[in-house]
Amino acid sequence: IGDHRSAAVSCESFAPPPPPTGLLCAASNSNMQVVLTWANGGVYDSIAIYRNSVTIATLPGAEETYTDTVDANGSYAYIVAAVLGDKEAQSEGCIVRVTYVPKPEQLACESVGMTAELAWVNPIAYDEIEVMRDGATLGIYPGDTQSFQDALPDEAPHEYCVIGRLGRYASDCAACTVQAGGVRRFVRGDVNADGLVNIADP
């Protein structure tokens with residue numbers, strides 16, 4: 001105005017960055033983790049990770065993978081967003097279902113005569129325990145069950161499977177094989193039960 005001039009003002013503006021592409025979400029078969037991978041479309045200041053519309057992590061701009069650990073089974077929606085200055089560009093989303101239930105641990109099986117005795121440790125609080133023999137369910141038991149006895153039907157080997165259940169999800173099978181042991185067969189004429197028929201039998 002007149003002979004007066006204002007001080008020069010500088011500003012810097014960023015165009016929206018190109019978004020990350022090819023987002024893939026994969027749930028682990030051995031734990032409660034989800035692995036995200038993607039391809040960066042440019043140079044970013046940072047990468048924001050969204051799970052179910054909530055920011056759960058901010059990564060350096062060059063990252064192209066992230067592993068998330070969830071608290072419970074279920075479905076989760078993820079988005080990866082590129083951040084450049086005050087601009088953000090989001091990838092297409094992906095949805096993954098986590099269904100992991102750890103199987104019972106330290107399964108020990110032995111036979112006492114014609115009885116199979118099983119014992120194990122529950123790594124989490126299950127809703128139910130399923131016990132199977134040779135592929136057939138023997139019973140469904142309370143989730144805190146950690147031992148089981150079964151009358152063996154014969155002296156052949158039998159495979160037992162212990163499964164932990166949590167809601168509609170089930171663990172892998174903790175398996176063992178049991179065969180009746182220490183069972184003496186009846187021999188006609190073996191009065192003294194030494195396994196032989198001889199003069200020692202009265």
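Where is Gln106 found? I looked this up first, in what is a predicted model. Gln106 sits in strand β9.

**Entry: positive phi values**

I checked the backbone of Gln106. Its phi is near 55°, a positive value in a residue other than glycine. Is Gln106 buried or exposed? I read a relative accessibility of 63% for Gln106. The cut-off for exposed is over 50%, so Gln106 counts as exposed.

I then turned to Asp134. It is not a glycine either, yet its phi is positive, at about 55°. I placed Asp134 in the loop between β11 (128–133) and β12 (136–142). Its relative accessibility is 44%, so I noted Asp134 as partly exposed.

Asn52 also went on my list. It takes a positive phi near 50° in the hairpin of β3 and β4.

**Entry: the β3–β4 hairpin**

I stayed with that hairpin. How many residues lie between the strands β3 and β4? I found two. Strand β3 covers residues 46–51 and strand β4 residues 54–60. The two run antiparallel, and six bridges join them. I looked for the residue across from Ile47. It is Leu59, in β4.

**Entry: the sheet with β1**

Next I traced an open sheet of three strands. Its order is β1-β2-β5, and the pairing is antiparallel. Which are the edge strands? I noted β1 and β5 (65–69), each of which pairs on one side only. I also looked up the turn between neighbouring strands of this sheet. It is 15° on average, direction ignored.

I went through the pairing of β1 and β2 in detail. Strand β2 holds residues 33–39, and five bridges connect it to β1 in the antiparallel sense. Cys25 stands opposite Leu36 in β2.

**Entry: disulfides**

How many disulfides does a search of the whole structure find? I counted three. Counted along the chain, the bonded cysteines follow the pattern 1-2, 3-6, 4-5. I took them one by one.

Cys25 is joined to Cys94, with an S to S distance of 1.5 Å. I noted that this pair links distant parts of the chain, 69 residues apart. Cys25 is in strand β1 (residues 21–27) and Cys94 in strand β8 (residues 94–98). Are these two cysteines buried or exposed? The cut-off for buried is under 20%. Cys25 has 18% relative accessibility, so it counts as buried. Cys94 has 11%, so it counts as buried too.

I moved on to Cys109 and Cys176. Their sulfur atoms are 1.8 Å apart, and they form a disulfide. Cys109 lies in strand β9 (residues 105–112) and Cys176 in strand β16 (residues 174–178), so this bond ties together parts that are 67 residues apart in sequence. Strand β9 is also where I had found Gln106. Why is the disulfide of Cys109 and Cys176 left-handed? I looked up the torsion about the S-S bond; it is about -80°, so the disulfide is left-handed. Cys109 counts as partly exposed at 24% relative accessibility, whereas Cys176 counts as buried at 13%.

I finished with Cys161 and Cys173. They form a disulfide with sulfur atoms 2.0 Å apart. Where do the two cysteines lie? I found Cys161 in strand β14 (residues 158–166). Cys173 is in the loop between β15 (169–170) and β16. The two are 12 residues apart. Cys161 is buried, with a relative accessible area of 9%. Cys173 is partly exposed, with a relative accessible area of 30%.

**Entry: aromatic pairs**

I searched the whole structure for aromatic pairs and found one. Tyr141 and Phe148 form this pair. I recorded 5.5 Å centre to centre and 50° between the planes. Why is the pair called tilted? Planes under 30 degrees apart count as stacked and over 60 as edge-to-face, so an angle of 50° makes this pair tilted.

Tyr141 has 25%, so Tyr141 is partly exposed.

Methods: Residues are numbered from 1 along each chain as its sequence is written. This is a predicted model: local features need pLDDT of at least 70, side-chain atom pairs count only at pLDDT 80 or more; totals for chains, interfaces and linings use all residues. Side-chain values use heavy atoms; hydrogens and water are left out. Two strands pair if DSSP finds at least two bridges between them. Helices (H or I, at least four residues) and strands (E, at least two) are DSSP runs, numbered from the N terminus. A disulfide is a pair of cysteine sulfur atoms within 2.5 Å. Buried means under 20% relative accessible area, exposed over 50%, partly exposed in between (1.4 Å probe, protein chains only). Axes are lines fitted to C-alpha atoms, for helices over the stretch in contact, and angles run from 0 to 180 degrees between N-to-C directions. Rings of Phe, Tyr and Trp (its six-membered ring) pair if their centres lie within 6.5 Å; planes under 30 degrees apart count as stacked, over 60 as edge-to-face and the rest as tilted.
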